[in-house]
Number of protein chains: 2
Amino acid sequence: MSEKLLCGVDLGGTKLSAALFDTNGTLLKKEITYDHVGLHPDQMVKVMAELLNTLFQGYVITSADIEGIGVGLAGHILYKEGLVITSSNFTHSMQNYQLVEKLGSHFPDTHILLDNDANVQALGESLYGAGKGYTTMVFMTVSTGVGSGIVINGKLLRGRSGTAGEIGHCIVDFDSDMQCTCGNFGCAMALSSGLFLPELYRRKLRNGMSSPCGLEESQTDELDGRLLETLILKGDPIAKEIMCDSADIIGTSVYNIFQLLNPECIVLGGGMMKLGSEYFDRIKKKFTFLAKDMMREELHLKLTDLGADAGLVGSAALLLE
Amino acid sequence: MSEKLLCGVDLGGTKLSAALFDTNGTLLKKEITYDHVGLHPDQMVKVMAELLNTLFQGYVITSADIEGIGVGLAGHILYKEGLVITSSNFTHSMQNYQLVEKLGSHFPDTHILLDNDANVQALGESLYGAGKGYTTMVFMTVSTGVGSGIVINGKLLRGRSGTAGEIGHCIVDFDSDMQCTCGNFGCAMALSSGLFLPELYRRKLRNGMSSPCGLEESQTDELDGRLLETLILKGDPIAKEIMCDSADIIGTSVYNIFQLLNPECIVLGGGMMKLGSEYFDRIKKKFTFLAKDMMREELHLKLTDLGADAGLVGSAALLLE
């Protein structure tokens with residue numbers, strides 16, 4: 001039997017990419033477009049179909065040549081229905097959008113699967129990345145938000161509605177007055193992720209911290225992971241403290257995953273991890289401190305090693321589950 | 001093929017019981033002893049073997065008549081090695097005790113399995129109790145401590161070392177100064193379980209609460225779930241507030257399980273649930289408040305319906321996994 005190809009699509013807010021892989025995860029061909037930005041969902045799917053047709057040239061003659069198309073995007077997804085419940089990544093937000101059905105009208109004989117970015121990255125890490133070879137592994141992304149994907153025996157744990165893995169919305173600070181986008185207080189995400197850096201900085205300023213090389217309150221809105229890193233390098237103690245607080249919350253979340261799931265491996269990825277080894281080391285230190293002698297066998301806490309194509313190869317991997 | 005019988009053993013600190021079931025979970029015969037109390041582990045296993053021999057009379061002639069023996073007890077267990085890492089349930093605490101091997105010397109041809117009480121109760125609920133018919137379910141016990149067992153497709157999620165399910169040691173209040181038996185602060189267990197009722201009561205007294213029908217500081221050591229219930233019935237506002245605080249923490253833990261695992265059903269059991277409908281209703285209310293519109297499909301939050309034999313039938317169910 002000749003091996004079929006896997007097609008992965010990574011639908012991001014600024015970049016739409018699609019790629020062909022063999023079943024070993026080797027990249028064969030990749031296409032990228034930015035033409036989808038600002039379009040309505042139906043037009044966006046049309047752009048996606050055109051990109052896929054370009055990608056397929058020379059590789060895919062009939063639908064029998066590929067296992068199918070796996071699509072990953074940031075948002076709430078109903079996997080079993082191929083539905084985007086909501087995604088705020090785009091100018092025109094997707095709400096209850098039948099993405100698989102719409103894309104399927106362009107590729108009628110092709111198997112199409114859809115899942116969220118954390119889940120597809122978890123699959124990718126599990127099959128081809130830092131999580132390879134582990135029976136139970138969790139991929140955790142610390143980015144604009146915080147999320148995770150749980151892989152057990154090569155399959156994603158999706159739960160009843162497909163929303164499992166939302167470690168960012170787990171409450172770790174019961175008495176906190178930091179409100180998350182979900183409306184609750186003290187979620188891990190609200191205390192650690194990129195989206196909340198401006199508010200975390202403002203609170204430090206209001207609590208009396210000041211820094212000659214730091215931001216003024218009026219400048220805090222522009223604070224993201226990259227600027228945080230710059231400020232830390234400049235010696236801003238407020239930025240440093242925010243990084244440490246964030247790492248302690250992520251370390252606590254890693255510990256909570258350890259207690260509840262006892263996986264062999266947790267892989268960390270996402271933009272905030274680019275803060276570098278000081279951030280990662282503090283996460284590890286917090287986790288190790290909390291786990292104490294309760295860890296019977298080592299939990300391998302690793303950084304992603306799939307890089308920029310993690311979402312693409314992970315989306316393709318949906319077809320192998 | 002004639003159906004084999006299942007044997008379950010519930011090894012508790014005060015009661016040692018053993019029972020035979022058919023594979024539908026129907027109780028055929030049960031034996032109970034208290035003779036093991038205060039004994040060293042090896043002697044305790046001898047008492048267990050004698051109890052089993054009494055149980056088997058008239059039912060089990062050869063090892064071929066039973067699927068095997070499943071044993072459940074409170075403690076840290078290494079399932080795959082049949083080892084009790086530690087259990088503080090007994091006068092002479094068990095440490096790194098090869099319980100399966102020891103019991104096996106009395107029943108050389110019999111399949112023997114061992115797991116902790118939360119896991120076996122989860123299996124029991126999943127197969128025969130309130131969790132029957134769900135693909136993914138979690139059993140959570142709120143008792144002296146707090147623990148859980150996670151069942152996916154009829155099998156326990158044990159994780160790498162078999163310690164998965166420790167929801168009680170997940171940190172829900174990052175800044176708390178309530179220290180748990182594990183050494184950490186702000187674990188769900190330290191803020192809600194029976195073991196911590198005395199300290200929670202003392203803290204309310206020290207914070208200036210007082211009650212004519214309540215306890216004085218010198219009496220708090222005797223506070224357990226049953227006394228808490230009595231005090232609430234007497235109208236003690238301190239006891240009432242502790243019950244509400246505990247329910248809010250358990251409701252938050254239920255919510256965290258929902259976010260991370262998105263199960264179809266969570267079954268609650270354990271001594272604290274005997275506080276009754278006010279306690280259970282407050283847990284449900286907290287969970288529902290936190291879940292808001294994030295719950296796409298209903299999570300069935302239920303009370304155990306297996307009663308006192310949950311541990312026994314659950315231990316027997318280990319043989320069906």
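**Reading sheets, overall form and helix packing**

Modeller: We begin with a sheet in this predicted model. In chain B, 3 strands form an open sheet in the order 5-6-7, and their pairing is antiparallel.

Colleague: Which strands of chain B stand at the edges?

Modeller: The edges are taken by strand 5 (76–78) and strand 7 (94–97) of chain B. Each has a single partner strand, so one side of each is left without a neighbour in the sheet. From one strand to the next, the twist averages 15°.

Colleague: How many bridges join strand 6 of chain B to strand 7 of chain B?

Modeller: Strand 6 (residues 83–87) of chain B and strand 7 of chain B run antiparallel and are joined by 3 bridges. To see a pair of residues, find B:Val84, whose bridge partner in strand 7 of chain B is B:Tyr97.

Colleague: What is the order of the strands in the open sheet of chain A?

Modeller: The order there is 5-6-7, in an open sheet of 3 strands with antiparallel pairing. Strand 5 (76–78) and strand 7 (94–97) of chain A are the edge strands, each pairing on one side only. The twist in this sheet averages 15° from one strand to the next. Strand 5 of chain A is joined by 3 bridges to strand 6 (residues 83–87) of chain A, and the two run antiparallel. Within strand 6 of chain A, A:Leu83 stands opposite A:Leu78.

Colleague: How many helices and strands does chain A have?

Modeller: Chain A has 8 helices and 13 strands. Its radius of gyration is 20 Å, close to the 20 Å that the globule rule gives for 321 residues, so chain A is as compact as a globular protein of that length. Along the principal axes, the C-alpha atoms of chain A fill a box of roughly 65 × 50 × 35 Å.

Colleague: How are two packed helices described?

Modeller: One gives the angle between their axes and the distance between the axes. In chain A, the axes of helix 5 (residues 225–234) and helix 6 (residues 237–261) come within 7 Å and cross at roughly 125°. These two helices of chain A are therefore oblique to each other. Their crossing is left-handed.

Colleague: Which residues make the contact between these helices?

Modeller: Helix 5 of chain A contributes A:Leu228, A:Leu231 and A:Ile232, while helix 6 of chain A contributes A:Ala239, A:Lys240, A:Ile242 and A:Met243. The residues of this contact divide into 6 nonpolar, no polar and 1 charged.

Notes: Residues are numbered from 1 along each chain as its sequence is written. Chains are lettered from A and ligands numbered from 1 in the order in which they are written. This is a predicted model: local features need pLDDT of at least 70, side-chain atom pairs count only at pLDDT 80 or more; totals for chains, interfaces and linings use all residues. Side-chain values use heavy atoms; hydrogens and water are left out. Axes are lines fitted to C-alpha atoms, for helices over the stretch in contact, and angles run from 0 to 180 degrees between N-to-C directions. Helices (H or I, at least four residues) and strands (E, at least two) are DSSP runs, numbered from the N terminus. Angles under 35 degrees count as roughly parallel, over 145 as roughly antiparallel, 65 to 115 as roughly perpendicular and the rest as oblique. A crossing is left-handed if the near helix is turned anticlockwise from the far one by less than a right angle, and right-handed if clockwise. Contact means heavy atoms within 4.5 Å. Ala, Val, Leu, Ile, Met, Phe, Trp, Tyr, Cys and Pro count as nonpolar, Asp, Glu, Lys and Arg as charged, and the others, Gly among them, as polar. Two strands pair if DSSP finds at least two bridges between them. The radius of gyration is taken over C-alpha atoms; the globule rule is 2.2 Å times the number of residues to the power 0.38.
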